[in-house]
Amino acid sequence: MTQPLNEINKLIFTLHLIPQPLPIYTFFYPLSIIPSLTPNLYEKYPYFSVTRELDGVSVVAAFPPGEEGVVVDGEVRGLRELGDGDAGRWFGPWKAIKIRGPLYIGLTGILHEFLTPLRKAEINIYAISTWPTDYILVPAEKLDTALDVLKADGWQVVLQANESLGVQ
């Protein structure tokens with residue numbers, strides 16, 4: 001069976017979905033934390049992404065096992081090294097779904113195909129694109145539902161420990 005040229009083949013190896021095991025949190029910090037973004041942060045956290053914006057810094061981090069960050073009122077609101085960030089601008093826990101990759105830079109429509117069924121199921125996301133692939137974060141409590149929705153849409157979900165964040 002052939003697929004139309006405008007349809008993405010969700011079964012090809014590089015488009016397999018790999019759920020990641022560690023909880024991930026998102027934070028927004030003032031620009032003043034930039035000097036605190038030292039190499040040890042990138043080494044400590046199994047997943048660590050920083051985006052400088054005009055009015056602040058977005059940080060996305062997966063905590064190493066046994067670590068949970070700054071907890072306020074029972075919720076993780078920041079990294080120990082950076083404090084509790086900008087009050088009200090944090091969220092988690094998320095769980096990540098990695099598109100295996102590497103994705104050819106000329107591919108189009110991958111995120112659209114991935115996100116459409118999640119939108120229909122009313123599952124909010126936080127997308128992170130890297131050079132070789134994309135990570136889609138969904139609220140941790142909705143991961144199983146998100147994976148079921150994606151499987152029903154034709155995506156192949158695989159579990160491979162050696163491709164997971166924080167798992168050797």
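Predicted model: local features only at pLDDT ≥ 70, side-chain atom pairs only at ≥ 80, totals over all residues.
Is Phe114 buried or exposed? At 0% relative accessibility, Phe114 counts as buried.

**View A. Phe114 and Trp155 make an edge-to-face aromatic pair.** Let's stay with Phe114 for a moment. The centres of the Phe114 and Trp155 rings are 5.4 Å apart, with 70° between the planes. Because Phe114 belongs to helix H2 and Trp155 to the segment after H3, this pair ties together parts that are 41 residues apart in sequence. Trp155 is buried too, with a relative accessible area of 3%.

**View B. Helix H3 lines up its buried residues on one face.** Helix H3 spans residues 143–152, and its buried residues are Leu143, Ala146, Leu147 and Leu150. If you look down the axis of H3, these buried residues fall within an arc of 95°, so they line one face of the helix. Here is a handy rule to remember: an α-helix has 3.6 residues a turn, so residues three or four places apart point the same way. What do the buried residues of H3 pack against? Their partners are strand S1 (17–19), strand S7 (90–99), helix H2 (110–120) and strand S9 (134–139). Turned away from the buried side of H3 is a face that carries the exposed residues Asp144 and Ala152. After H3 comes Gly154, which has a positive phi, near 105°.

**View C. Trp94 and Tyr126 make a tilted aromatic pair.** A search of the whole structure finds ten aromatic pairs. In the pair of Trp94 and Tyr126, the distance is 5.9 Å centre to centre, and the angle between the planes is 55°. Trp94 sits in strand S7 and Tyr126 in strand S8 (residues 126–129), so the pair ties together parts that are 32 residues apart in sequence. Trp94 counts as buried at 5% relative accessibility, while Tyr126, at 28%, counts as partly exposed.

**View D. Strands S5 and S6 form a hairpin.** S5 (residues 70–72) and S6 (residues 75–78) run antiparallel and are joined by three bridges. Look for Val71, which stands opposite Val76 in S6. Two residues lie between the strands of this hairpin, and Asp73 takes a positive phi near 50°.

**View E. Aromatic rings gather in a cluster, and an arginine lies over a ring face.** One aromatic cluster is formed by Tyr25, Phe27, Tyr29, Tyr42, Tyr45, Phe48 and Phe63. Arg89 lies over the face of Phe28, at 3.8 Å from the ring centre.

Technical notes. Residues numbered from 1 in each chain as written. Heavy atoms only, no water. Pairing = 2+ DSSP bridges. Helix = DSSP H or I, 4+ residues; strand = E, 2+ residues; numbered from the N terminus. Buried < 20%, exposed > 50% of the residue type's maximum accessible area, 1.4 Å probe, protein only. Arc of directions from axis to C-beta. Contact = heavy atoms within 4.5 Å. Phe/Tyr/Trp six-rings, centres within 6.5 Å; stacked < 30°, edge-to-face > 60°. Lys NZ or Arg CZ within 6 Å of the ring centre and 35° of its normal.
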